[in-house]
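Biologist: I'd like to learn how to read ring pairs and helix packing in a model. Could you walk me through it?

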Amino acid sequence: MPIVADATVFRYLVVLEVTDLLPALFEHVLIPPAVFNELQQANTPAVVRTWVTNLPPWVHIQPLITSPDPTLDYLGDGEREAIQLMYEQQVSFLVTDDRQAYRAALTRSIPVTRTLRILEIAAERGLLDFPTIVTRLRTAGFYIPEDVVEEMLARDTERKRQQSENQELR
């Protein structure tokens with residue numbers, strides 16, 4: 001199941017050295033040219049700029065077929081093109097941490113999620129430890145609303161408790 005992503009998911013997953021989660025969870029990731037360009041900008045962490053010079057085979061730069069929607073001009077280029085790419089490619093969902101892009105996707109009935117949810121899904125599948133990755137995200141400067149992270153950590157604790165009980169019953 002392919003997805004479309006903007007730059008933020010890569011900025012954090014590359015810094016945290018967990019980009020291998022994406023192909024483990026999804027068939028491949030499409031990015032529009034503007035996202036590729038954003039990942040090469042001077043304000044992008046050096047490790048991300050280095051990573052993007054040799055993209056893995058599961059990341060595909062997908063040029064747009066049509067012009068981006070002018071009603072999305074208030075968004076950054078990457079977010080605007082990512083939403084447009086969703087329309088063109090009709091993939092599973094968009095990953096963005098940009099608040100305005102998230103809202104714009106929702107108002108257009110585009111399935112959308114955030115990096116933190118991708119990490120939660122990876123934890124549910126046993127690919128990482130969620131509390132550890134949350135700590136690493138905070139250290140990396142990733143803003144996480146406390147109520148959201150507490151809810152996700154509670155779900156993770158409950159999931160682990162249920163798994164433990166199920167193993168004891170075997």
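This is a predicted model: local features need pLDDT of at least 70, side-chain atom pairs count only at pLDDT 80 or more; totals for chains, interfaces and linings use all residues.

Biologist: What describes a pair of aromatic rings?

Modeller: The distance of the centres and the angle of the planes. Take Tyr12 and Phe142: their centres are 4.4 Å apart and their planes are at 85 degrees, so with over 60 degrees counting as edge-to-face, that is what this pair is.

Biologist: Which other pair is edge-to-face?

Modeller: Phe26 and Phe93, at 5.4 Å centre to centre with 80 degrees between the planes. Phe26 is in the loop between helix H2 (21-25) and strand E2 (29-31), and Phe93 is in the loop between helix H5 (77-89) and strand E4 (94-95), so this pair ties together parts 67 residues apart in sequence. Both of these Phe residues are buried.

Biologist: And which residues do ring pairs link into a cluster?

Modeller: Phe10, Trp51 and Trp58. Two of these names, Phe10 and Trp51, come back among the contacts of Val59, along with Val29 and Ile31, once neighbours within four places in sequence are left aside. Val59 is in strand E3 (residues 59-61) and is buried, with a relative accessible area of 7%.

Biologist: What lies over the face of Tyr102?

Modeller: That's Arg114, at 3.6 Å from the ring centre.

Biologist: Now helices. What describes two packed helices?

Modeller: The angle between their axes and the distance between the axes. Helix H7 (residues 115-124) and H8 pack at about 155 degrees, with axes 9 Å apart. Angles over 145 degrees count as roughly antiparallel, so H7 and H8 are roughly antiparallel to each other. Their crossing is right-handed.

Biologist: Which residues make the contact between H7 and H8?

Modeller: From H7, look for Leu116, Leu119, Glu120 and Ala123. From H8, it's Phe130, Ile133, Val134 and Leu137.

Note on methods: Residues are numbered from 1 along each chain as its sequence is written. Side-chain values use heavy atoms; hydrogens and water are left out. Rings of Phe, Tyr and Trp (its six-membered ring) pair if their centres lie within 6.5 Å; planes under 30 degrees apart count as stacked, over 60 as edge-to-face and the rest as tilted. Helices (H or I, at least four residues) and strands (E, at least two) are DSSP runs, numbered from the N terminus. Buried means under 20% relative accessible area, exposed over 50%, partly exposed in between (1.4 Å probe, protein chains only). A charge sits over a ring if NZ of Lys or CZ of Arg is within 6 Å of the ring centre and within 35 degrees of the ring normal. Axes are lines fitted to C-alpha atoms, for helices over the stretch in contact, and angles run from 0 to 180 degrees between N-to-C directions. Angles under 35 degrees count as roughly parallel, over 145 as roughly antiparallel, 65 to 115 as roughly perpendicular and the rest as oblique. A crossing is left-handed if the near helix is turned anticlockwise from the far one by less than a right angle, and right-handed if clockwise. Contact means heavy atoms within 4.5 Å.
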